[in-house]
Amino acid sequence: MEATIFAFYTVALIMLIGFFGMLFFRKTSIPDVIFLLLFGVVLGPITHVIDIEAIYGVLPYMAMFAISILLFDSGLRINIDRLLEKGKAVIGTSILSFILSLTVITLFLKYILYLRWAYSLMLGSILAISGSMTLITLIRQMPVKEEALLTLTLEMALTNVLSIIIALSCLEYINLKIVPIERILVMLTSKFSTGILIGLIVGVIWLVVIYMLREEEYFYMFTLSVLIGAYSLAETLGGSGALASLIFGLVLGNDEKIASVMGLKIKIEELRPIRDLTKRFHSEITFLMRSFFFVLLGLTYFFGDVTEIVFGAIITGLLFISRFVAISIVTIKGTLASERKILTCALGRGLVTAVLGIMPMQFGLKYSELMLGLVVNIIFFSNILMAITLSTIREYRLWRKRLEEIVKEEEKPQTNSGS
């Protein structure tokens, strides 16, 4: 009974740290990720209050569920019409930043740490993701151009997808070992196409079902069960459950476009409340999962050599330089030149990096302890660097000052009336 009560207290504390940590970030620019990681490190490696061996058995299920949730969320956030409208700037920023970071980190891991190409590419893709929901939530309140917010949101969604696909592909390659590369490419093509097809079919069918049952309640739980079912069906048929989740979310997030292309007889305006409700509830689930995975990452952290911390700091510096170069190139003549500093600050690694960072250990891969240590250190350093750089931006400081003045003005009448 005591163990059960302790587990409940721990869960409650994790949720509180996640919630108040986000509020603290809005006040101070210090990301809640740092507190969650440190809390996990204290509970695990330092005090050994929680034995990580006890939760190894559930890691595969947690990781798969998290990936399906994250890619579904990415699909919901990708607006096809806006992507086509602003495609050049958004895709240019996302792809160039991701590819440059991926290339630099992969080469560093290969020629400095002497990891195999497959391991270097897998870890490089895990670390190349940019942007976090915490930062986007904060920037959404700031007086920045809508195009900058759209760029960050879609960049996060697109790089999440690219990172997961590359990391899982490398994992498949490492597990298959001596299979010829041609056969692996055929298998991956089949896996991806099957996942995309299942996600599209399930998404279109679910649009029709939602419309038919639009007067009913509990649609988000229905949708969540269908998401898990689509992921499982794709994996059972040899496809990619991750891609099935992405396409399913993409269909629901772009219901009007999909209904028009497919010729579905659906009044989209009647589905808007359901879509908004789905997005709101799904963000709550993602927040909850985010809090637990960062604590879990801290629990699994191994205190290795000091060189791991040094390499983590070096890689974080390389990621910052790569992002600065990519953003500078893309915005050199564009409308986002004035938002260059804000875009460059989107450096803190988030939930996808945490989830994928656990997978090498989950599958018992070689160098898993080294990779996990690097992931934790880079998440920690990148979020600290993001907080520092964000606080140096003049526009951000002015916005915070105006916000404080507004709060003081609102408190004045209450103070006068109380006296």
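Visitor: In which helix does Met361 lie?
Guide: Met361 lies in helix H16. Helices (H or I, at least four residues) and strands (E, at least two) are DSSP runs, numbered from the N terminus. This is a predicted model, where residues are numbered from 1 along each chain as its sequence is written, and side-chain values use heavy atoms, with hydrogens and water left out. Local features need pLDDT of at least 70, side-chain atom pairs count only at pLDDT 80 or more, and totals for chains, interfaces and linings use all residues.

Visitor: Why is Met361 called buried?
Guide: Its relative accessibility is 14%. Buried means under 20% relative accessible area, exposed over 50%, and partly exposed in between (1.4 Å probe, protein chains only). So Met361 counts as buried. In space, the C-alpha of Met361 is 9.6 Å from that of Leu59, although the two are 302 residues apart in sequence.

Visitor: How many helices and strands does the protein have?
Guide: The secondary structure comes to 18 helices and 0 strands. Of the 419 residues, 50% count as buried.

Visitor: What makes Glu235 and Lys191 a salt bridge?
Guide: The rule asks for a side-chain nitrogen of Lys or Arg within 4 Å of a carboxyl oxygen of Asp or Glu. In this pair the distance, N to O, is 3.9 Å. So the pair passes the 4 Å limit. The count by this rule comes to 1 salt bridge.

Visitor: Which parts does the pair tie together?
Guide: Glu235 lies in helix H10 (residues 219-236) and Lys191 in helix H9 (residues 181-212), so the pair ties together parts that are 44 residues apart in sequence. Glu235 is partly exposed, at 33% relative accessibility. Lys191, at 17%, counts as buried.

Visitor: What does Leu200 touch, beyond its neighbours in sequence?
Guide: Leu200 also lies in helix H9. Contact means heavy atoms within 4.5 Å. Leaving out residues up to four places away, Leu200 touches Ile247, Val251 and Met262. Its C-alpha is separated by 8.6 Å from that of Leu250, 50 residues apart along the chain. Leu200 is partly exposed, with a relative accessible area of 30%.

Visitor: How far is Ser68 from the backbone oxygen of Phe65?
Guide: A polar atom of the Ser68 side chain lies 2.7 Å from that oxygen. A polar contact is a pair of N or O atoms within 3.5 Å; within protein, one must be able to donate a hydrogen and the other to accept it, and residues adjacent in sequence count only if both atoms are side-chain atoms. So 2.7 Å falls within the limit.

Visitor: Where is Ser68, and what does it touch?
Guide: Ser68 sits in helix H3 (residues 59-77). Past four places in sequence, Ser68 touches Leu227, Tyr231 and Ser245. With 2% relative accessibility, Ser68 counts as buried.

Visitor: What about Ser169: buried or exposed?
Guide: Ser169 has 14% relative accessibility, so it counts as buried. Ser169 is found in helix H8 (residues 146-176). Apart from neighbours within four places, Ser169 is in contact with Leu188 and Phe192.

Visitor: How do we know where confidence is lowest?
Guide: We look at pLDDT, the predictor's confidence in each residue, from 0 to 100. Helix H18 (residues 394-418) is lowest, at a mean of 58, and H6 is highest, at 92. Over residues 415-419, pLDDT stays under 50, and the model has 0 contacts there beyond four places in sequence. The protein averages 79, and 84% of the residues score at least 70.
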